[in-house]
Amino acid sequence: PAALRVAPILIRGFVVPQSQPHEGMLLRHVSPQINLGATLCGEFLIQDTRVSAPVSATLYDFLPRLEAPTADHLLDRFLDYARARGVELYPAQEEAILELYAGKNVILNTPTGSGKSLVASALHFKALAQGHKSVYTCPIKALVNEKFLSLCRDFGPEHVGMMTGDASVNPQARILCCTAE
């Protein structure tokens with residue numbers, strides 16, 4: 001296909017052009033397995049698929065490119081990201097994110113491991129889209145380091161900074177992870 005003529009690369013079994021994949025773009029899936037409805041080429045199976053949502057390595061890539069995206073549009077984009085990652089929101093997460101996107105304050109009092117970080121990521125996402133900075137605080141440095149690495153995976157290291165009492169990394173970033181001090 002014409003979309004694949006520009007130096008294609010292989011990502012998770014999909015051959016894509018080096019430009020940012022976009023909705024409607026044709027991707028060619030190359031697999032050594034046989035599957036109905038696909039073309040067998042040598043020992044590899046080739047199956048063309050239209051992109052229904054952007055192919056993305058980070059949550060940052062799901063940010064809309066609109067001047068002033070609405071809260072509803074941002075929420076849809078964040079939920080697209082969650083679905084693309086195979087994440088189903090818990091009711092407490094969904095309710096908290098809806099309230100935050102409606103401009104309300106939220107105290108999320110749920111057990112460890114119940115997904116509070118995903119709610120925080122939704123708010124970082126909204127802040128970035130609206131041109132604001134956001135800050136994630138942790139009580140101890142070890143948690144700051146862990147959260148910093150997680151935010152770098154989610155938003156890309158160029159968009160995330162870290163500040164603790166004795167270390168500073170990319171302090172001008174739009175997402176800042178730091179100790180409370």
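This is a predicted model: local features need pLDDT of at least 70, side-chain atom pairs count only at pLDDT 80 or more; totals for chains, interfaces and linings use all residues.
Residues are numbered from 1 along each chain as its sequence is written, and side-chain values use heavy atoms, with hydrogens and water left out.

**The sheet**

Helices (H or I, at least four residues) and strands (E, at least two) are DSSP runs numbered from the N terminus. Two strands pair if DSSP finds at least two bridges between them. Four strands make an open sheet in the order 6-9-7-8, with mixed pairing. Strand 6 and strand 8 are at the edges with a single partner strand each, so one side of each has no neighbour in the sheet.

| Strand pair | Direction | Bridges |
|---|---|---|
| strand 7 and strand 9 | parallel | 4 bridges |
| strand 7 and strand 8 | antiparallel | 2 bridges |

Gly161 has Leu176 of strand 9 as its bridge partner, while Met163 stands opposite Ser168 in strand 8. Strand 7 and strand 8 are joined by a hairpin through 4 residues.

Contact here means heavy atoms within 4.5 Å. Axes are lines fitted to C-alpha atoms, for helices over the stretch in contact, and angles run from 0 to 180 degrees between N-to-C directions. Helix 3 packs on the sheet, touching strand 6 and strand 9, and its direction makes about 155° with that of strand 6. Helix 4 lies across strand 6, strand 7, strand 8 and strand 9, running at about 170° to strand 9.

Buried means under 20% relative accessible area, exposed over 50% and partly exposed in between (1.4 Å probe, protein chains only). Among the buried residues of helix 4 are Val144, Phe148, Leu151 and Phe155, but also Lys147 and Asp154. Gly156, which follows helix 4, has a positive phi near 90°.

**The nonpolar core**

A nonpolar core is a set of buried Ala, Val, Leu, Ile, Met, Phe, Trp, Tyr and Cys residues joined through side-chain atoms within 4.5 Å. In the largest one, of 31 residues, Phe78, Ile97, Tyr101, Phe125 and Phe155 touch the most other members. Helix 3 gives the largest share, 7 residues. Leaving aside residues up to four places away in sequence, Phe125 touches residues including Leu59, Phe62, Phe78, Tyr101 and Phe155.
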